[in-house]
Amino acid sequence: MKITKLETFSNNYIGFVRVTTESGAQGWGQFSPYNADITAAVFHRQIAPWSLGADAFDIDGLVETIPEREHKFPGSYLFRALTGLDTALWDLRGRIEKKSVCELLGGTPRPFPVYASSMKRGEITPEAEAERLKRLQGEFGYTAFKFRVGKECGHDVDEWPGRTDAIVPQVRAALGDKARLLVDGNSAYTPAKAIEVGGMLQDYGVVHFEEPCPYWEHKWTAEVRAALSLDVTGGEQDCDLTLWRYIIDNKVVDVVQPDVCYLGGVSRMLKVARWAAAAGLPMTPHSANQSLVTTFTLHIMGALPNAGPYVEFSIEGEDYYPWERGLLRNPLRARNGMVDIPSGPGWGIEINPAWLETADYKASERP
């Protein structure tokens, strides 16, 4: 079954891909969010020419060979664009076989635990963060929560003096001893400072310290991991499989956290998951918004033997992410601390046709 047409629908923030085969069968995928208009241009220039006329079911082959053919461009945009192809082809296969992607991968659609993930740092006080997490705990039954510490790429400077020291005990007090607490440093610290902060986190029973050091300083992160007993985690920014082999082989983190949309799609995500499983490491991916990235992640996690205990689920709404407004017809919903892995064919999620009508459109077709 040959690919005959590839279409993109994008704006500055989000971009979708529709693949069509010679039989007329179609599937939908998505680029990584942000600068999606640039990603769409990369897609039609560097992904579509190698895909048109190819076997639509040879997903692994396409995902492996296209980066080789574009080997002079090994950066993030290539893999953000490749994600659009990969995810559209998985959806196509699911629709043809009348199975969810989770089932295609050997899993079973079911409710999957999620953690409530805050994206706010400077916009919210520790008191207000603790209060809203407590409210969401009661409203949606979340049992695990992630909030921000330090300052993004902060060079050991807090978002404002004393914020991290205040927010950790306040969130713990608000949510109680049974809540699982996770924090994200977003590349905040040098090793010495990260270890100091990590000691305080351990005192309050925090179980997960994400990206404590600049993400590109893998040796720094490994140093922090060796010094602390809580899980030191990371990897969301890493899209190079060679780096992933280094991270896993050198025990840089306790938990691997690739982002399926940054990494290049499902096939590459599964490769990292297999390497991690062989090293005895669990996977808890990055999925920090309510585009299709969380849907993709749920389907994958529902099939992984080394899946972590939960999937990241953003608690920020359309006021924080206005570009999410009107995106999907049947968005994911949290209930009792869980979100259903969609059971319909393919991804089981419908993109809003009204949104597509407003997007920038471009098509590449087989001659």
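Tyr 215 is partly exposed at a relative accessibility of 33%, where buried denotes under 20% relative accessible area, exposed over 50% and partly exposed the range in between (1.4 Å probe, protein chains only). The structure is a predicted model, in which local features require pLDDT of at least 70 and side-chain atom pairs count only at pLDDT 80 or more, whereas totals for chains, interfaces and linings use all residues. Residues are numbered from 1 along each chain as its sequence is written, and side-chain values use heavy atoms, with hydrogens and water left out.

The structure contains 15 aromatic pairs; rings of Phe, Tyr and Trp (its six-membered ring) pair if their centres lie within 6.5 Å, and the planes count as stacked under 30 degrees apart, edge-to-face over 60 and tilted for the rest. One of the pairs joins Tyr 215 to Trp 216 in an edge-to-face arrangement, with 5.0 Å centre to centre and 85 degrees between the planes. Trp 216 is partly exposed, its relative accessible area being 48%. An edge-to-face pair is also formed by Tyr 320 and Tyr 321, with 4.9 Å between centres and 75 degrees between planes. Within this pair, Tyr 320 is partly exposed at 28% relative accessibility, while Tyr 321 is buried at 9%. Both tyrosines belong to a cluster linked by ring pairs, which comprises Tyr 13, Tyr 34, Tyr 320, Tyr 321 and Trp 323.

The charged end of Arg 245 is placed over the ring of Trp 275, 4.6 Å from its centre. For Arg 163, the charged end sits over the ring of Trp 160 at 5.7 Å from the centre.

With a disulfide defined as a pair of cysteine sulfur atoms within 2.5 Å, the count is 0. The cysteine sulfur closest to that of Cys 153 belongs to Cys 213 and is 12 Å away, too far for a bond. Cys 153 is partly exposed, with a relative accessible area of 39%, whereas Cys 213 is buried, with a value of 0%.

Two further residues were examined individually. Gln 137 is located in helix α5 (residues 126-140), helices (H or I, at least four residues) and strands (E, at least two) being DSSP runs numbered from the N terminus. The side chain of Gln 137 reaches the backbone oxygen of Leu 175 at 3.2 Å. Apart from residues up to four places away in sequence, Gln 137 touches Tyr 142, Phe 145, Ala 174, Leu 175 and Ala 179, contact meaning heavy atoms within 4.5 Å.

Leu 332 occupies the loop between β10 (311-314) and β11 (334-335) and is buried, with a relative accessible area of 11%. Its contacts beyond four places in sequence include Gln 290, Leu 298, Phe 313, Pro 342 and Ile 349. Leu 332 and Phe 313 are 19 residues apart along the chain, and their C-alpha atoms are separated by 9.4 Å.

Overall, the protein chain has 13 helices and 13 strands. Its radius of gyration is 20 Å, close to the 21 Å that the globule rule gives for 367 residues, so the chain is as compact as a globular protein of that length; the radius is taken over C-alpha atoms, and the rule is 2.2 Å times the number of residues to the power 0.38. Of the contacts between residues at least 6 apart in sequence, 70% join residues at least 24 apart.

How values were computed: Lys NZ or Arg CZ within 6 Å of the ring centre and 35° of its normal. Polar contact = N/O pair within 3.5 Å; in protein donor to acceptor, adjacent residues only side chain to side chain.
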